[in-house]
Amino acid sequence: MTATAVRPAGPAPSDLPHGVAGMPFAKAINAGLRAALASDDKVLLMGEDIGALGGVFRVTEGLQAEFGEDRVVDTPLAESGIVGTAIGLAMRGYRPVVEIQFDGFIFPAYDQITTQLAKIHFRTAGRIELPVVIRVPFGGGIGAIEHHSESPEALFAHTAGLRVVSPSSPQDAYTMIQEAVASPDPVLFLEPKGRYWEKGDVDLDAPVGVGAAARTLDHAAVVRPGTDVTVVAYGPTVHTALAAAKTAADEDGTSIEVVDLRSVSPVDVPTVVASVKKTGRCVVVHEAPTFHGVGAEIAARVTEECFYALEAPVLRVGGYHAPYPVAKLEHDYLPSVDRVLDAVDRVLAH
Amino acid sequence: MIEHSDELVQLVGPDGEPVVSEANAPYRERAARYLLDGPEPDAAAERLRGLYRDMALVRRFDVEATSLQRQGELALFPPLLGQEAAQVGSGRALRSQDYVFPSYREHGVAWTRGMDLADVMPIFRGVEHGGWDPAAHNFHIYTLVIGSHALHATGYAMGVQRDGLVGTGDAARDMAVVAYFGDGATSQGDVSEALGFAAVNNAPVVFFCQNNQWAISVPTAKQSRVPLARRAWGFGMPGVRVDGNDVVASWAVADEALERARSGGGPTFVEAVTYRMGAHTTSDDPTRYRTSDEEESWGRRDPIARVRAYLEKYDAWDDAREAALLAEADELGEHVRTTVRAMDAPPASRLFEHVYATPQAQVAAERAAFEAYEAGEPVSSPFEGLLDSPATTGGNR
Ligand SMILES: Cc1ncc(C[n+]2csc(CCOP(=O)(O)OP(=O)(O)O)c2C)c(N)n1
Ligand SMILES: [Mg+2]
């Protein structure tokens, strides 16, 4: 049984006005977590260093002091343990929101996530729901040492039973984290760590959809309308796509429509298809390797649905079929505005 | 039957006084070569000055690296400050044929293996993922994923066993394997699995756990309700607790464990009780989770000051020696500084190198596309040029 309702936003943190101008991304997630903790006492946070330290990125800063050690829990150093116990807690009616410290450290929990968390609803014929959220700072661009810059979303999107989402702006981060917590299905919540310090306006009263009404978990957003080329992105690359669209418009008047997927599983196919039917051209951008990646799924789907509208093959811009490189080379690896524009030029050349 | 004890092995106390007890007698005997109140004080003083030098130089390296990070020359650095005795003591108990799997803070062990400490830096400068040849000093590259390498060490030891390099009695051949990790790592499933595999295989491996009291902001009490060494007992292997700020005791306990491994006596777990005197890494701010009282109380147990006090008590140290050591430390600092500053980013082609051991079509195609893009040449498909020449084997039949 799935509740379907739009509930008002949780009580806004008392020290903040309800509309906040220039709120950093990390703070917006913090505010969303705070609202979720305040509105449902079954919500609890678990992870490494999320208590007194507030997480290595300070996303959970102040939450243990406010909600106590029972609800904001510093766990032993064991990712499989974190996700595995979250499953048990969820079976007892709790709504665990767990943090994996970095993308590259999720793999000790891979079995628990893909084989247990994602499948128990199916295996019990719907008798057990597991509303677990797994928050993961992901992606590169911060000059880190290895295992701290990866984009493993395709590995999880390939797993049925798991939702995989990534916000691209502080407002979406604020709303999406609350909709993820309210989701009866497990959600892998990928936070673009390179954008944690970017600021945006956040309406703390924005409605939070529960269950099937959770708009941000199912609906892509056209974040910049355009007519010539559709650029599909999510998480950290939405910003890159928007910058490319602006440059293209300024330089030669090319009109790029940017679609922010928000969710990579499921994909909001109708929004993407409507855009590509209009523009006839499509470029997909993500940091993860393109080989067997999310872009491959989008390209296949767009080709199937928009074949007669397409003026050019769908192109992908993303990481290479190689492990994430050393920090000094990451800007050669990551999709840049230039590489997006190059792909845009190539689809326009057809 | 293995006898288990929680007793902390200590041979030199924090004030530099020798510690003599019934319980530590076997270790005093084993470590006689370093004891100034032992049978051969002059030779012992010479050897102990060697350990003191190791620790002082390693600390100098650590301070230099931390300041290089502050100057923007390194992306990040994990200091070993405070753990010099545990690392140098255990490292100096190794033989050249032993093989080490470090975590990411074992700069002191690297030093004892004879590595140029500047070679530790490419990882932290962001120009290499490894940075040195593991075979050169039987010192594997750093592992950042907590606990994984405990299994690698165990498997490596199982290989050593199969190669017949255990229990031959030939000191130049018998070999031990060591995995270094922290208190936090003991919570990882991989570490428990490693203990299990090592025990049932009687593998020649030593698990050297530096309990530095913290896993970033999480105190050891949140990883375990019992001393970490006890974890080993349930697996059926000795688990020994040693004062990790006592270099002589650390040497003795490691020496015993290594000897057990090399002679075919199987694995040992060592818990070296120490303290991370600095931040977790240069990105960390310990004031958020621990008190300055705690830091000061451990500061009084500084492992280097302890050896210095011990040497001075026996008139085995003087100003001339101190001056010479400082000069040597300055030289090391200078060497590290200039070497690090000269470390350039690798060419972008490195993105695609060594992904596989054999040529691989996907990598080759993406590399070609990348190079064309960089050269400003048009690329329509990463497979351009390859499409007209299908693979000669396994193609159309
Ligand atoms: C699998 C995994 N999870 C999380 C991390 C992030 N992390 C890096 S160091 C660290 C704490 C390690 O503590 P400990 O094992 O005590 O070693 P110490 O750093 O104290 O030497 C954590 C959580 C990681 N590197 N790998
Ligand atoms: Mg530790």
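Predicted model: local features only at pLDDT ≥ 70, side-chain atom pairs only at ≥ 80, totals over all residues.
Student: Where should I start with ligand 1, and which residues are closest?

Tutor: Start with the shell of residues around the ligand. Here 20 residues surround ligand 1, and the closest are Glu79(A), Tyr104(B), Arg105(B), Leu144(B) and Gly184(B). Residues from chains A and B take part, so the site is shared between chains.

Student: How many residues of each class does the shell around ligand 1 have?

Tutor: The shell has ten nonpolar, six polar and four charged residues.

Student: Which polar side-chain atom lies 2.5 Å from a nitrogen atom of ligand 1?

Tutor: For a polar contact, look for N or O atoms within 3.5 Å of each other. The atom you ask about belongs to Glu79(A). On the chain B side, the side chain of Asn212(B) has an N or O atom 2.9 Å from an oxygen atom of ligand 1. His280(B) places a polar side-chain atom 3.4 Å from an oxygen atom of the ligand. As for cover, ligand 1 taken alone exposes 580 Å², and the protein buries 95% of that.

Student: Where is Tyr104(B) found, and is this residue buried or exposed?

Tutor: Tyr104(B) is in the loop between β2 (99-101) and α4 (107-112) of chain B. Its relative accessibility is 16%, so Tyr104(B) counts as buried, the limit being under 20%.

Student: What describes a pair of aromatic rings?

Tutor: Two values do: the distance of the centres and the angle of the planes. With centres within 6.5 Å as the rule, the count is 30 aromatic pairs over all chains. Take Tyr34(B) and Trp251(B): their ring centres are 5.1 Å apart and their planes stand at 75°, so this pair is edge-to-face. The pair links distant parts of the chain, 217 residues apart. Tyr34(B) sits in the loop between α1 (25-30) and α2 (41-70) of chain B, and Trp251(B) in helix α10 (residues 247-262) of chain B. Both residues are buried.

Student: What are the values for Tyr99(B) and Phe101(B)?

Tutor: Their centres are 5.1 Å apart and their planes are at 50°, so the pair is tilted. Tyr99(B) and Phe101(B) are both buried.

Student: Which residues form one aromatic cluster?

Tutor: Phe61(B), Phe77(B), Phe124(B), Trp132(B), Phe139(B) and Tyr142(B) do.

Student: Which charged end sits over the ring of Tyr34(B)?

Tutor: That of Arg33(B), 5.5 Å from the ring centre. Another case is Arg301(B), which lies over the face of Trp298(B) at 3.9 Å from the ring centre.

Student: Where is Glu271(B) found, and which side chain does a polar contact of 3.2 Å join to that of Glu271(B)?

Tutor: Glu271(B) is in strand β8 (residues 268-273) of chain B and is buried, at a relative accessible area of 1%. The contact of 3.2 Å is with the side chain of Arg241(B). A polar side-chain atom of Glu271(B) also lies 3.1 Å from the backbone nitrogen of Leu228(B).

Notes: Residues numbered from 1 in each chain as written. Chains lettered and ligands numbered in written order. Heavy atoms only, no water. Near = heavy atom within 4 Å. Polar contact = N/O pair within 3.5 Å; in protein donor to acceptor, adjacent residues only side chain to side chain. Areas by Shrake-Rupley, 256 points an atom, 1.4 Å probe, with all protein chains shown as cover. Nonpolar A, V, L, I, M, F, W, Y, C, P; charged D, E, K, R; others polar. Phe/Tyr/Trp six-rings, centres within 6.5 Å; stacked < 30°, edge-to-face > 60°. Helix = DSSP H or I, 4+ residues; strand = E, 2+ residues; numbered from the N terminus. Buried < 20%, exposed > 50% of the residue type's maximum accessible area, 1.4 Å probe, protein only. Lys NZ or Arg CZ within 6 Å of the ring centre and 35° of its normal.
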